[in-house]
Amino acid sequence: MVNAGDMNGSGNLMDFLDEPFPDVGTYEDFHTIDWLREKSRDTDRHRKITSRSKESIWEFIKSLLDAWSGWVVMLLIGLLAGTLAGVIDLAVDWMTDLKEGVCLSAFWYSHEQCCWTSNETTFDDRDKCPQWQKWSELLVSQSEGASAYILNYFLYIMWALCFAFLAVSLVRVFAPYACGSGIPEIKTILSGFIIRGYLGKWTLLIKTVTLVLVVSSGLSLGKEGPLVHVACCCGNFFSSLFSKYSKNEGKRREVLSAAAAAGVSVAFGAPIGGVLFSLEEVSYYFPLKTLWRSFFAALVAAFTLRSINPFGNSRLVLFYVEYHTPWYMAELFPFILLGVFGGLWGTLFIRCNIAWCRRRKTTRLGKYPVLEVIVITAITAIIAYPNPYTRRSTSELISELFNDCGALESSQLCDYINDPNMTRPVDDIPDRPAGPGVYSAMWQLALALVFKIVITIFTFGMKIPSGLFIPSMAVGAIAGRMVGIGVEQLAYHHHDWIIFRNWCRPGADCVTPGLYAMVGAAACLGGVTRMTVSLVVIMFELTGGLEYIVPLMAAAVTSKWVADAFGKEGIYEAHIHLNGYPFLDVKDEFTHRTLATDVMRPRRGEAPLSVLTQDSMTVEDVETLIKETDYNGFPVVVSKDSERLIGFAQRRELILAIKNARQRQDGVVSNSIVYFTEDPPELPPNSPHPLKLRRILNLSPFTVTDHTPMETVVDIFRKLGLRQCLVTRSGRLLGIITKKDVLRHMAQMANQDPESIMFN
């Protein structure tokens with residue numbers, strides 16, 4: 001017997017793995033990352049940089065650059081996300097108006113921009129100017145009458161169909177991942193799942209272009225959710241330029257968390273709300289360092305958007321409001337009722353939308369995505385055009401519903417009967433009886449509410465970019481405005497009732513219907529997404545209504561309580577489960593009294609666990625084991641008899657190590673012994689060179705005993721982000737529990753289909 005280390009000086013060759021080789025430490029598509037391993041690799045990298053920085057000035061400068069790279073990435077993300085959001089806002093304004101007419105002086109101007117530049121516009125007819133012509137005026141020189149209406153109606157539908165068809169075709173051909181909201185997948189990716197291409201350059205380009213098209217087509221969807229996806233694509237692109245982030249999936253996710261905050265910051269003009277949204281809703285791992293960087297990225301993004309000034313009002317937000325009266329305690333009752341409505345609408349929407357999406361996945365309907373988009377767009381355009389509240393863009397509708405009725409408002413919603421003897425300041429108009437315009441607006445709003453509720457269920461989830469924030473807010477704002485007008489008229493006609501007597505005297509401005517619209521919007525958005533803190537902050541940043549935090553909080557909390565009574569899942573979690581992603585939600589509670597031995601594999605009657613031994617298997621044995629199984633990794637034991645655990649080897653790294661060894665190390669053949677120990681085993685003379693794979697062995701895999709409660713195991717998986725956990729008894733290997741096993745067990749305990757968890 002001779003020691004293999006002495007053979008032909010091969011000792012140096014056998015340690016070739018001490019130098020890293022390409023692709024080691026990377027993950028395959030649709031697999032989960034190992035958070036602990038990524039953290040430890042980053043710590044090692046940081047330790048190396050710190051020790052080298054003392055060697056020379058150049059190394060010290062490199063260490064400074066490494067420390068600053070995080071802030072540079074945040075700056076770049078903020079600049080690009082803000083610029084893209086500004087361009088999208090401007091393009092949407094122009095293309096939405098293009099469905100109704102065109103500006104003759106400059107065709108790239110929207111209706112509002114066209115009439116700004118006109119000298120012939122009067123204040124009363126500020127939407128009419130000779131430079132802006134409807135299609136009927138341009139084509140048949142008629143602005144009124146049945147033929148003009150029919151022509152405008154027809155062209156409105158054709159433009160909508162053209163935009164929607166172009167969008168769904170681009171998504172289908174160039175970037176299938178550009179469809180949907182993107183937030184369910186972002187949440188899953190941030191929890192440690194790999195979806196290659198989901199945050200790629202093509203997805204970024206196509207999502208940006210198609211987002212403009214679908215919002216302009218008039219479909220019941222928003223651009224806010226997809227903007228989070230767009231910002232995360234920017235984050236992924238910039239993190240790939242810095243090795244600190246491109247080579248470490250855990251660090252990359254810190255950048256993506258901050259990018260999500262920048263996305264919400266530019267979607268709503270709410271930088272603080274964006275940071276809280278990332279923390280509350282999408283992020284899985286959110287250290288304090290990421291909080292500061294998210295804040296910086298959101299700040300830069302908001303600053304960039306403000307510089308572009310897409311809304312032309314020198315403000316970041318579309319829905320800026322100024323109310324002139326405070327709210328009163330008695331109004332908390334209708335605010336809470338709006339919260340109840342928001343919770344019920346959220347529950348209804350989630351159940352109906354998930355049922356429809358499941359039907360789309362399991363029937364022939366899913367094979368015709370283009371046809372589905374065309375049909376839904378046609379139905380939306382045909383029903384929306386006759387009603388002025390559904391014809392305009394949803395953002396404009398919400399803006400009008402939030403507005404307070406001043407003396408200069410020309411909206412139908414402000415058609416009150418004025419007292420001819422009134423001599424009060426312009427800002428403080430007392431409550432007045434509703435005029436015919438308000439009553440017809442109420443009917444139109446009621447029809448718009450039913451239409452929005454129904455059509456949004458079928459629109460969200462189609463193969464186009466589709467956000468849910470704005471449609472949900474529109475449903476709530478319509479309901480809120482109607483309740484607000486009702487309370488206002490009740491207070492006017494019955495000011496002697498006990499509930500109004502203390503705070504609503506005749507001739508006073510008591511009730512602000514726009515505030516009810518704002519509270520209703522928050523309630524419905526909360527009911528669908530189950531957001532609370534970030535929602536309230538986004539709402540007051542969105543409207544500038546800092547004074548109205550308490551009504552917003554009351555409505556948000558009520559809607560969450562009501563919706564949670566029917567089911568704990570928000571719309572994003574429901575879509576994650578529908579798609580079978582391996583997402584272990586921090587909010588889920590596990591209260592069952594099962595043990596690790598009940599969940600681990602192999603179970604009784606199954607084939608024994610596939611393992612590697614420390615020094616008795618050949619290269620061919622390892623390759624055969626890899627070929628015959630599809631496991632992500634293999635426990636390494638002393639021997640198959642003793643089953644004493646010594647470590648865990650990843651499948652991908654075994655494949656790469658053997659492939660590299662065959663290419664770079666002479667004498668490694670199929671019957672070479674593979675060993676994971678420090679010293680090579682003793683082998684007979686003339687044996688082929690053994691292969692040392694100790695470098696790829698994880699010597700401290702996470703283990704639990706067979707009697708560990710599953711409640712503890714679930715907690716460990718959640719808080720440490722494990723891929724798998726080995727089950728032992730007195731150091732002897734019994735089995736393995738993977739993240740997929742945990743999720744399937746949780747689904748089984750909740751009486752759901754465990755086979756719905758599809759990925760590893």
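Reader: How many helices and strands does the protein have?

Author: Helices (H or I, at least four residues) and strands (E, at least two) are DSSP runs, numbered from the N terminus. Here the secondary structure comes to 29 helices and 14 strands. This is a predicted model: local features need pLDDT of at least 70, side-chain atom pairs count only at pLDDT 80 or more, and totals for chains, interfaces and linings use all residues. Residues are numbered from 1 along each chain as its sequence is written, and side-chain values use heavy atoms, with hydrogens and water left out.

Reader: What does the C-alpha trace span along its principal axes?

Author: The spans are about 115 × 60 × 55 Å.

Reader: What percentage of the residues is buried?

Author: Start with the cut-offs. Buried means under 20% relative accessible area, exposed over 50%, and partly exposed in between (1.4 Å probe, protein chains only). In this protein, buried residues make up 55% of the 760 residues.

Reader: What share of contacts joins residues at least 24 apart in sequence?

Author: A contact means heavy atoms within 4.5 Å. Take the contacts between residues at least 6 apart in sequence: 74% of them join residues at least 24 apart.

Reader: How do I read a helix pair? At what angle do H8 and H9 pack?

Author: Axes are lines fitted to C-alpha atoms, for helices over the stretch in contact, and angles run from 0 to 180 degrees between N-to-C directions. Angles under 35 degrees count as roughly parallel, over 145 as roughly antiparallel, 65 to 115 as roughly perpendicular and the rest as oblique. H8 (residues 201-216) and H9 (residues 224-239) pack at about 150°, with axes 9 Å apart. The two helices are therefore roughly antiparallel.

Reader: Which residues make the contact?

Author: H8 gives Lys201, Thr203, Leu204, Lys207, Thr208 and Leu211. H9 gives Pro226, Leu227, His229, Val230, Cys233, Cys234 and Phe237. By class, the contact has eight nonpolar, three polar and two charged residues. Ala, Val, Leu, Ile, Met, Phe, Trp, Tyr, Cys and Pro count as nonpolar, Asp, Glu, Lys and Arg as charged, and the others, Gly among them, as polar.

Reader: Next, backbone details. Which residues does a cis peptide bond join?

Author: Read omega. Arg601 and Pro602 are joined by a cis peptide bond, with omega about 5°. Pro602 sits in the loop between helix H25 (596-599) and E4.

Reader: What is the phi of Arg530?

Author: Arg530 has a positive phi of about 65°, although it is not a glycine. Arg530 lies in the loop between H21 (513-529) and H22 (533-543).

Reader: Is Arg530 buried or exposed?

Author: Arg530 is buried, at 7% relative accessible area. Now take Asn686, which has a positive phi of about 60° and is not a glycine. Asn686 is in the loop between strand E9 (682-683) and E10. At 80% relative accessibility, Asn686 counts as exposed.
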